[in-house]
Amino acid sequence: MIRTPHPTPPAESEAVTVAPGVLWMRLPLPMALDHVNVYALEDDEGWTIVDTGFDSRRGRAIWDGLRDGPLQGRPVRRVIGTHHHPDHIGLAGWFQDRDGAELMISRTAWLMARMLILDVQDAASPQALKFWRRAGMPADLLARRKAERPFNFSDVVHPLPLGFTRLSEGDIAAFGRRRWRVAMGHGHAPCHATFWSMDDNLVIGGDQLLPSISPNLGVYATEPLADPVGEWLESCTRLLGLARDDQLVLPGHKLPFTGLPFRLSQLIQNHLTALSRLTDALAAGPRTAVGCFDVLFKRRIGDGEFGLAMVEAVAHVNHLYRAGVIRPVGERDGAVLWGA
């Protein structure tokens, strides 16, 4: 059973103490998921920050308020990036430049973030347009995307200076007056670091361990045949071996929670059930990946959700394809049709 012992999230520029020397704070996001959780863990020499929010004037101002308030003016000595997504890594470089903070992150996450910051695109690439078309994006939406400037990491992520401390599977990291076992998850993001306290019941979960929503598992033009669903199922099964009911999980979004074994089992079962529904639907007749929205999500997908829904639909199709359950059976208007 999932329980949330801290049911009221912190207000802007305020903090909630969730364990000795551990502060929970929030930064705003300009999207349906309107916040990201960040954490500060007290050390003898200052603070370790876990994740940072977007790089924006508002985000910097909030951090300035947090420094003067809950962080008591003490320096930020270390920043930990759980994974490379911009809401988690956006201000890491700012802390490095401003505070001389050490950045701890997996090598893959650092390389992904730095590559994406440097890869500024003023128009959608031919590869992206082809990927969207083959997934079944409607022609009118495809035309709009072609005419728009795409989202760039550099819009909301501060440049990352050279130099980081690598986190690897099985490492023992020391911060926040605790020792932490590092365990990597995959599927939502490659080499997503989670941290399991060896001294009390805390777990830092990032987006790998969320209480009430499922992280997006997406395929993109960069690796169009990727299988993040398979990676996710493997990761959840492996992390289940570390999970205990009494652990307090500090997630990247929503509320800190207990009941991690149940939640991991639930996350696994949710995707297995979706794959079963998709298998039955494609046995009944061919569909594009976009044509599988109703089967996978069981609700109408609006324009604001379309991109994330599309990459997740492709991910589920890819998993079944790689498992030999479905195959491409034709095309319609440039989109691949999938069938049993």
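Author: For strands to count as paired here, DSSP has to find at least two bridges between them. Helices (H or I, at least four residues) and strands (E, at least two) are DSSP runs, numbered from the N terminus. The model is predicted, so to speak of local features a pLDDT of at least 70 is needed, side-chain atom pairs count only at pLDDT 80 or more, and totals for chains, interfaces and linings use all residues. Residues are numbered from 1 along each chain as its sequence is written, and side-chain values use heavy atoms, with hydrogens and water left out.

Reader: OK, which strands stand at the edges of the open sheet?

Author: The sheet has seven strands with mixed pairing, in the order β1-β2-β3-β4-β5-β6-β7. The end strands each have a single partner, so one side of each is left without a neighbour in the sheet. Those two are β1 (16-19) and β7 (165-167).

Reader: By how many degrees are neighbouring strands of this sheet turned against each other on average?

Author: Axes are lines fitted to C-alpha atoms (for helices, over the stretch in contact), and angles between N-to-C directions run from 0 to 180 degrees. For this average, though, direction is ignored, and the value is 30°.

Reader: Do β2 and β3 run parallel or antiparallel?

Author: Strand β2 covers residues 22-28 and β3 covers 35-43, with seven bridges joining them. One place to look is proline 28, which stands opposite histidine 35 in β3. The two strands run antiparallel.

Reader: And which strands does helix α1 touch where it packs on the sheet?

Author: Contact means heavy atoms within 4.5 Å. Helix α1 spans residues 57-68, and its direction makes about 155° with that of β2. The strands in contact with α1 are β2, β3, β4 (46-50) and β5 (76-80).

Reader: How many residues of β6 are buried?

Author: Burial goes by relative accessible area with a 1.4 Å probe, protein chains only: buried is under 20%, exposed over 50%, partly exposed in between. Strand β6 (102-106) has helix α4 (residues 107-118) lying across both it and β7, at about 105° to β6. β6 is largely enclosed by the rest of the structure, so the buried count is telling: four of its five residues.

Reader: Which residue in β7 is the bridge partner of isoleucine 105?

Author: Start with β5 and β6, which run parallel with three bridges, isoleucine 80 standing opposite methionine 104 in β6. Then β6 and β7 run parallel too, again joined by three bridges. In β7, the partner of isoleucine 105 is arginine 166.

Reader: What is the phi of arginine 177?

Author: Most residues other than glycine have a negative phi. Arginine 177 sits in the loop between β8 (172-175) and β9 (178-185) and is exposed, with a relative accessible area of 52%. Its phi is positive although it is not a glycine, at about 55°.

Reader: Where is lysine 298 found?

Author: Lysine 298 also has a positive phi of about 55° without being a glycine. It is exposed, with a relative accessible area of 62%. You'll find lysine 298 in the loop between α9 (293-297) and α10 (303-322).

Reader: Last one: which residues does asparagine 270 touch, not counting those up to four places away in sequence?

Author: Asparagine 270 lies in helix α8 (residues 260-284) and is partly exposed, with a relative accessible area of 38%. Arginine 238 is 32 residues apart from asparagine 270 in sequence and 17 Å apart in space, C-alpha to C-alpha. The residues that asparagine 270 touches are Ser214 and Arg263.
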